[in-house]
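Reader: I would like to learn how to read a protein model by asking about it piece by piece. Please show it first.

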Amino acid sequence: MFAGEGVSGAPVDGAGAEPTLRQQAVLDAALALIVDPKATLTMSSVARAASCSKESLYKWFGDRDGLLTATVQWQAARVRGVPLSGGAFDRERLVESLERFAADWLTVLTGDTSVALNRLAVGEAAGAGGGRNLGRIVLENGPVAMGRRLTPVLELGLKAGLIAFADAGEAFRDFFGLVVRDVQIRLLLGDRLQLAPSDIRADASRATRHFLALYGVDERPERPSNASKGKE
């Protein structure tokens, strides 16, 4: 579940065109309403907050679900994609890719907007939203979409003989757990957890290191046998 501040990027999975500046302002207004505990997220409230007509919202996004989907995708895109073209894919590039992805992920996940969005999504998924679909939208455009975005990196690592796994989805879920740990549930339950950029970088490095301990192919040279040592 990903919504937050600080990292720019393209739409999730390249789905759809990049929002125009005017549409971006509308999506930011929708997020501001989500963060405001006194506000209600409706097409009318978003139109007022963004100083645009409801007709424009319906033209751009179709309905409330379309607006919510675009909003979640816009925020999920703050987790930057990993460049895959050019040069050999070695262990250094694998580590760099995983650490960058994990750091962006934690930055977005721990933002106030993400916490507010996920609280709202959980409430609607539990039935409090009268049949609304925000929970499904966040799930499909958050962790599910993130899995699709990281899978090519994992598969490159597999092809290069750097990591080994039978199921890319299972490998991603393990990486997900190592990155997120209990951070998200603590924030959702009201913990005033504060992660500085240095903390996030350290956590991203730790998650990557532990992931490679689980899935990395051991490239260390074989130790000399006892017999060999005796001949030296």
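Author: What follows is a set of questions and answers on this predicted model.

Reader: What share of the residues of the protein count as buried?
Author: A residue counts as buried when its relative accessible area is under 20%.

Reader: Among contacts between residues at least 6 apart in sequence, what percentage join residues at least 24 apart?
Author: A contact here requires heavy atoms within 4.5 Å. Taking the contacts between residues at least 6 apart, the part that joins residues at least 24 apart is 73%.

Reader: Which residues does leucine 150 contact, leaving aside its neighbours within four places in sequence?
Author: Leucine 150 is one of the residues with the most contacts inside the largest nonpolar core. Leaving aside those sequence neighbours, its contacts are Leu98, Phe101, Phe172 and Phe175.

Reader: Is threonine 208 buried or exposed?
Author: Threonine 208 lies in helix 11. Beyond its neighbours within four places in sequence, threonine 208 is in contact with Val95, Leu98, Glu99 and Phe175. Its relative accessible area is 1%, and the cut-off is under 20%, so threonine 208 is buried.

Reader: Which residues does glycine 157 touch, not counting residues up to four places away in sequence?
Author: Glycine 157 is in helix 8. Its relative accessible area is 0%, so glycine 157 is buried. Valine 217 is 60 residues away in sequence, and the two C-alpha atoms are 9.8 Å apart. The residues that glycine 157 touches are Phe89, Leu162 and Ile163.

Reader: How far apart are the C-alpha atoms of alanine 70 and proline 19?
Author: Alanine 70 is found in helix 4 (residues 64-76), and with a relative accessible area of 17% alanine 70 is buried. Setting aside neighbours within four places in sequence, alanine 70 is in contact with Leu27 and Phe61. Proline 19 is 51 residues from alanine 70 along the chain, and their C-alpha atoms are separated by 8.8 Å.

Reader: Is serine 51 buried or exposed?
Author: Serine 51 sits in the loop between helix 2 (43-50) and helix 3 (54-61). Its phi is near 55°, a positive value in a residue other than glycine. The relative accessible area is 65%, and the cut-off is over 50%, so serine 51 is exposed.

Reader: How does arginine 181 count by its relative accessibility?
Author: Arginine 181 is in the loop between helix 9 and helix 10 (183-188). Although arginine 181 is not a glycine, its phi is positive, about 50°. A relative accessibility of 43% lies between the cut-offs of 20% and 50%, so arginine 181 counts as partly exposed.

Reader: Which helix supplies the largest share of the lining of the largest pocket?
Author: About 370 Å³ of space lies in this pocket. Of the 13 lining residues, the closest to its centre are Asp112, Val115, Arg119, Leu187 and Arg192. By class, the lining has six nonpolar, three polar and four charged residues. The largest share, four residues, comes from helix 6 (residues 112-125).

How values were computed
Residues are numbered from 1 along each chain as its sequence is written. This is a predicted model: local features need pLDDT of at least 70, side-chain atom pairs count only at pLDDT 80 or more; totals for chains, interfaces and linings use all residues. Side-chain values use heavy atoms; hydrogens and water are left out. On a 1 Å grid over the protein atoms alone, a cavity is a set of points where a 1.4 Å probe fits but cannot get out, and a pocket is an open set with protein on both sides within 12 Å along at least five of seven lines; lining residues have an atom within 4 Å of a point. Grid points are joined across faces, edges and corners, and a volume is the space filled by probe spheres set on the points. Helices (H or I, at least four residues) and strands (E, at least two) are DSSP runs, numbered from the N terminus. Ala, Val, Leu, Ile, Met, Phe, Trp, Tyr, Cys and Pro count as nonpolar, Asp, Glu, Lys and Arg as charged, and the others, Gly among them, as polar. Buried means under 20% relative accessible area, exposed over 50%, partly exposed in between (1.4 Å probe, protein chains only). A nonpolar core is a set of buried Ala, Val, Leu, Ile, Met, Phe, Trp, Tyr and Cys residues joined through side-chain atoms within 4.5 Å.
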